[in-house]
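Here are my notes for you, as someone new to this one. Have the model open while you read, and take the points in order.

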Amino acid sequence: MSSFAKLEKTYRPMIISMIKKLHVTKEWDEYYQIGLIALWEASCQFEKEKGSFSSFVYKKVYWAMVSHLRRQCHRKKWECALTDGLIHILFDDRTIYKEHSC
């Protein structure tokens with residue numbers, strides 16, 4: 001078993017707990033993958049003199065997931081704004097069309 005596979009086995013409960021804590025219900029696999037990427041980054045970036053590894057992993061995983069949630073919210077707001085704008089244009093065009101029809 002590789003060293004990362006051991007890390008994954010050790011921190012899998014924490015990643016799952018974080019997904020639940022953030023109330024992620026859709027795209028569970030995507031968030032688990034984000035957690036694994038954050039775990040891998042933490043294993044590469046950790047410096048022993050700065051604190052415990054588990055605290056570092058917790059923060060890396062948490063903030064990676066929160067950042068992804070924020071990007072998704074921002075993207076959805078933009079998509080909703082775009083959709084609302086198109087609906088407004090379509091309804092205005094239909095109103096104009098109805099006014100000029102017989």
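1. First, a word on terms: helices (H or I, at least four residues) and strands (E, at least two) are DSSP runs, numbered from the N terminus. On that basis the protein has three helices and zero strands, and from the N terminus the order of elements is α-α-α.

2. Keep in mind that this is a predicted model, where local features need pLDDT of at least 70 and side-chain atom pairs count only at pLDDT 80 or more, while totals for chains, interfaces and linings use all residues. Residues are numbered from 1 along each chain as its sequence is written, and side-chain values use heavy atoms, with hydrogens and water left out.

3. Start with helix H1 (residues 3-21). Its 19 residues should span 27 Å at 1.5 Å a residue, and the end C-alpha atoms are 27 Å apart, so the two agree. (The expected span is 1.5 Å times one less than the number of residues.)

4. Where does H1 kink? Look at Tyr11, shortly before the proline Pro13, for a kink of about 50°. The bend is the angle between axes fitted to the seven residues ending at a residue and the seven starting there. Following H1 you'll meet His23, with a positive phi near 60°.

5. Next, what's inside. Buried means under 20% relative accessible area, exposed over 50%, and partly exposed in between (1.4 Å probe, protein chains only). Of the 102 residues, 23% count as buried; in H1 the buried ones are Tyr11, Met14, Ile15, Ile16, Met18 and Ile19.

6. A nonpolar core is a set of buried Ala, Val, Leu, Ile, Met, Phe, Trp, Tyr and Cys residues joined through side-chain atoms within 4.5 Å. The largest one holds 20 residues, and Ile15, Ile19, Val57, Val61 and Met65 touch the most other members. H1, helix H2 (28-45) and H3 each supply at least two residues of this core, with the largest share, seven residues, coming from H2.

7. Is Tyr62 buried or partly exposed? This helix H3 residue counts as partly exposed because its relative accessibility is 23%. The C-alpha atoms of Tyr62 and Leu22 are 8.8 Å apart, although 40 residues separate them along the chain.

8. Last, the largest pocket. Its lining includes His23, Tyr31, Leu69 and Cys73, and helix H3 (residues 53-100) gives the most to that lining, with four residues. (Lining residues have an atom within 4 Å of a point on a 1 Å grid; a pocket is an open set of points where a 1.4 Å probe fits, with protein on both sides within 12 Å along at least five of seven lines.)
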